[in-house]
Amino acid sequence: MEREPIVLNDYGVVLRQLTHDKIEMVRQWRNSPQIQQTMFFQDEITPDMQARWFMSLDPRRDLYFIISYKNDELGVINVKSIDFDNRSGEAGVFVYEERYLATDIAYRAHLVLFDYMFGQQGLKCIYSHIRRDNQKALRFAQFMGSLPDEERSTEDGLFLTLTFENYLNNPNRKRFINKWNRINLT
Amino acid sequence: MTNLEKYNNAFCESFHIGEDCLPGLVYQSIDAWDSVGHMTLVAALEDAFDIMMDTDDIIDLSSYEKGKEILKKYLVVI
């Protein structure tokens, strides 16, 4: 029996687990030049490649979500390669809709997903692997509280690690949560 | 300090730019105005004017000029 897709809803954004009917939309987003240039794999992705990729996902260990704000589907966020023994996973994100690119929507989506991963899935570490020339993504990861791990990094890409403790104690997160609670609990 | 000075300071300090760059400044027109820059700017404006901007306004804050319009909703006249 198929699992119900996971839906996470907080901080004004909704994350819906990727389903087969959305993979063509995601493929088109992923092939757009502005997204492609941020990725390690930059070849055109064909419909067949996309279908095979989707079939290869482990529904427990590779969690991909469509990010929505007020019913606008605007990007993808994921934690993949979840290792329940080491309690770790690898995060990724892209925002396709230009209107939301330089807002805090991607940040909110990270909070929703990371709350779930650390809080309900029991992870203790989420890492990311980012192209060294993607300065915006590197800045964003460090804003979240991720720390560079040069030992695991490569010439092209930097590994960054976010522990549960650093996530919880990150001052940017604390500020956001305080504000969110003040607005929504009053 | 006037509201205009506070407003300009928020932009200049968030993006590390001079006041001469502010007229016509729009979202993503400089490297510093990315999502982290945007969140830094929102925090600076909220602190400067003791307000809490709502989500739609944070998303709509797409230019130096647009910000002045948005702040009117919070009774801040620039």
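Start in chain A, at the loop between S3 and S4: select Asn71(A), which lies there. This is a predicted model. Check the backbone of Asn71(A): phi is near 70°, a positive value, and the residue is not a glycine. Most residues other than glycine have a negative phi. Is Asn71(A) buried or exposed? Its relative accessibility is 70%, and exposed means over 50%, so Asn71(A) counts as exposed.

Now switch to chain B. Select His16(B), in the loop between helix H1 (3-15) and H2. Here too the residue is not a glycine, yet phi is positive, at about 55°. Colour His16(B) by accessibility: with 71% relative accessibility, it counts as exposed.

Next, the helix pair. Select H4 (residues 105-120) and H5 (residues 135-144), both of chain A. How far apart are their axes? The separation is 12 Å, and the helices pack at an angle of about 50°. H4(A) and H5(A) are therefore oblique to each other. Their crossing is right-handed.

Show side chains at this contact. On the H4(A) side, pick Ala106(A), Tyr107(A), His110(A), Leu111(A) and Phe114(A). On the H5(A) side, pick Phe140(A), Phe143(A) and Met144(A). By type, the contact of H4(A) with H5(A) has seven nonpolar residues, one polar and no charged.

Keep Phe114(A) selected and move to the core. The largest nonpolar core has 39 residues. Which of them have the most contacts inside it? They are Leu15(A), Leu113(A), Phe114(A) and Met117(A). Now colour by element. From chain A, strands S2 (13-17), S3 (63-69), S4 (72-83) and S5 (88-95) each give two or more residues to this core. So do H4, H5 and helix H7 (171-184) of chain A. Chain B is on that list as well, through helix H2 (35-49). The largest share of this core is that of H4(A), with eleven residues.

Last stop: centre on Leu113(A). Hide its neighbours within four places in sequence. What is Leu113(A) in contact with then? The partners are Leu8(A), Leu15(A), Phe65(A), Ile77(A), Asn78(A) and Val79(A). One of them, Leu15(A), is also listed with Leu113(A) among the residues with the most contacts inside the largest nonpolar core.

How values were computed
Residues numbered from 1 in each chain as written. Chains lettered and ligands numbered in written order. Predicted model: local features only at pLDDT ≥ 70, side-chain atom pairs only at ≥ 80, totals over all residues. Heavy atoms only, no water. Axes fitted to C-alpha atoms, helices over the stretch in contact; angles between N-to-C directions. Helix = DSSP H or I, 4+ residues; strand = E, 2+ residues; numbered from the N terminus. Parallel < 35°, antiparallel > 145°, perpendicular 65-115°, else oblique. Left-handed = near helix turned anticlockwise from the far one by under 90°. Contact = heavy atoms within 4.5 Å. Nonpolar A, V, L, I, M, F, W, Y, C, P; charged D, E, K, R; others polar. Core = buried A, V, L, I, M, F, W, Y, C linked by side-chain atoms within 4.5 Å. Buried < 20%, exposed > 50% of the residue type's maximum accessible area, 1.4 Å probe, protein only.
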